[in-house]
Amino acid sequence: MTDPVPMTPEQARALLFGEILTLEETRAAAFLPQALAPATVEGMLAQAESLLRALAVIDDGVGRGDDPDQPPDPALLRLEAKLDLLTLLVADLAGCQAAQDAPRALRWSARGVELVLDQAVQPGTQGSLRVRASDWLPSPLVLPAQVLASVPEAAATRAWLAFSPGSPALEAALERHVFRIHRRDIAQRRRAT
């Protein structure tokens with residue numbers, strides 16, 4: 001990640017949420033400030049893409065579509081996605097990643113997130129955002145991120161974090177994930193009325 005030009009909260013908000021689908025929800029999440037080596041960032045991005053693809057297959061039955069002449073069997077794709085997630089869960093357990101993050105109000109898009117943190121962070125701070133991407137899956141989505149702007153707020157800090165640029169496939173997977181949650185939220189509100 002590169003050192004950002006200092007931004008105001010309004011500039012950060014426009015960069016992260018301008019002309020893109022934005023989602024507001026409460027999720028277990030944390031920002032872990034830390035220097036990230038390029039190899040670590042690559043690994044995080046690859047694992048995030050894998051997790052988001054597997055969630056899409058399980059939630060929507062969306063196929064990977066590798067061979068256009070032979071459409072994939074949706075049941076087989078769901079089974080494969082469940083095995084991918086089981087592998088991630090076992091890896092998390094082996095690494096003793098059992099952090100219980102506090103639920104936080106998030107505003108996020110495929111570009112980044114706005115949230116209130118318990119600790120003070122300065123613009124330019126690198127780290128990772130850990131967020132529980134699905135209600136039924138305890139394994140978190142972990143994305144490398146950098147603080148674009150921050151302002152003190154009571155005994156906390158409101159921060160705007162930009163996700164590290166990933167592959168086009170990861171960016172598309174993030175957009176689909178945000179859209180899927182947005183669509184589910186609208187459907188739940190319609191059922192309630």
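This is a short tour of the structure, stop by stop, for you to follow in your viewer.

Before you click anything: this is a predicted model, in which local features need pLDDT of at least 70 and side-chain atom pairs count only at pLDDT 80 or more, while totals for chains, interfaces and linings use all residues. Residues are numbered from 1 along each chain as its sequence is written, and side-chain values use heavy atoms, with hydrogens and water left out.

**Stop 1: the whole chain**

Of the 193 residues, 39% count as buried; buried means under 20% relative accessible area, exposed over 50%, and partly exposed in between (1.4 Å probe, protein chains only).

**Stop 2: the nonpolar cores**

Select Leu85, Trp108, Val113, Leu141, Leu161, Phe163 and Leu174, the residues with the most contacts inside the largest nonpolar core, which has 41 residues. Helix α2 (residues 38–60) gives the largest share of this core, 10 residues. A second, separate core of seven residues includes Ala12, Phe17, Trp160 and Ala162. A nonpolar core is a set of buried Ala, Val, Leu, Ile, Met, Phe, Trp, Tyr and Cys residues joined through side-chain atoms within 4.5 Å. In soluble globular proteins, nonpolar side chains tend to be buried together.

Now zoom in on Leu174. Which residues does Leu174 contact, leaving aside its neighbours within four places in sequence? They are Leu52, Trp108, Ala110, Leu141, Leu143 and Phe163, where contact means heavy atoms within 4.5 Å.

**Stop 3**

Pick Arg104 in strand β2 (residues 103–108). Is Arg104 buried or exposed? Arg104 counts as buried because its relative accessibility is 13%. Leaving aside neighbours within four places in sequence, its contacts include Glu25, Arg27, Leu115 and Asp118.

Next, go to Arg111, in the loop between β2 and β3 (112–117). With 33% relative accessibility, Arg111 counts as partly exposed. Draw a distance line from the C-alpha atom of Arg111 to that of Ser164: they are separated by 8.4 Å, though the two residues are 53 residues apart along the chain. Again leaving aside neighbours within four places in sequence, Arg111 is in contact with several residues, among them Ala14, Phe17, Glu19 and Phe163.

**Stop 3**

Glu19 counts as exposed, at 84% relative accessibility.

Then jump to Ala154, in the loop between β5 (141–153) and β6 (156–163). Phi of Ala154 is also near 55°, and Ala154 is exposed, with a relative accessible area of 90%.

**Stop 4: the cavity**

Finally, select Asp59, Ala133, Ser134, His177, Arg180, Ile181 and Arg184, which line the largest cavity. About 40 Å³ of space lies in there. A cavity is a set of points, on a 1 Å grid over the protein atoms alone, where a 1.4 Å probe fits but cannot get out; lining residues have an atom within 4 Å of a point. Grid points are joined across faces, edges and corners, and the volume is the space filled by probe spheres set on the points. Colour helix α4 (residues 168–192) as well: four residues of the lining, the largest share, come from this helix.

Terms used: 1 Å grid on protein atoms, 1.4 Å probe; cavity = no way out; pocket = protein on both sides within 12 Å on 5 of 7 lines; lining within 4 Å. Helix = DSSP H or I, 4+ residues; strand = E, 2+ residues; numbered from the N terminus.
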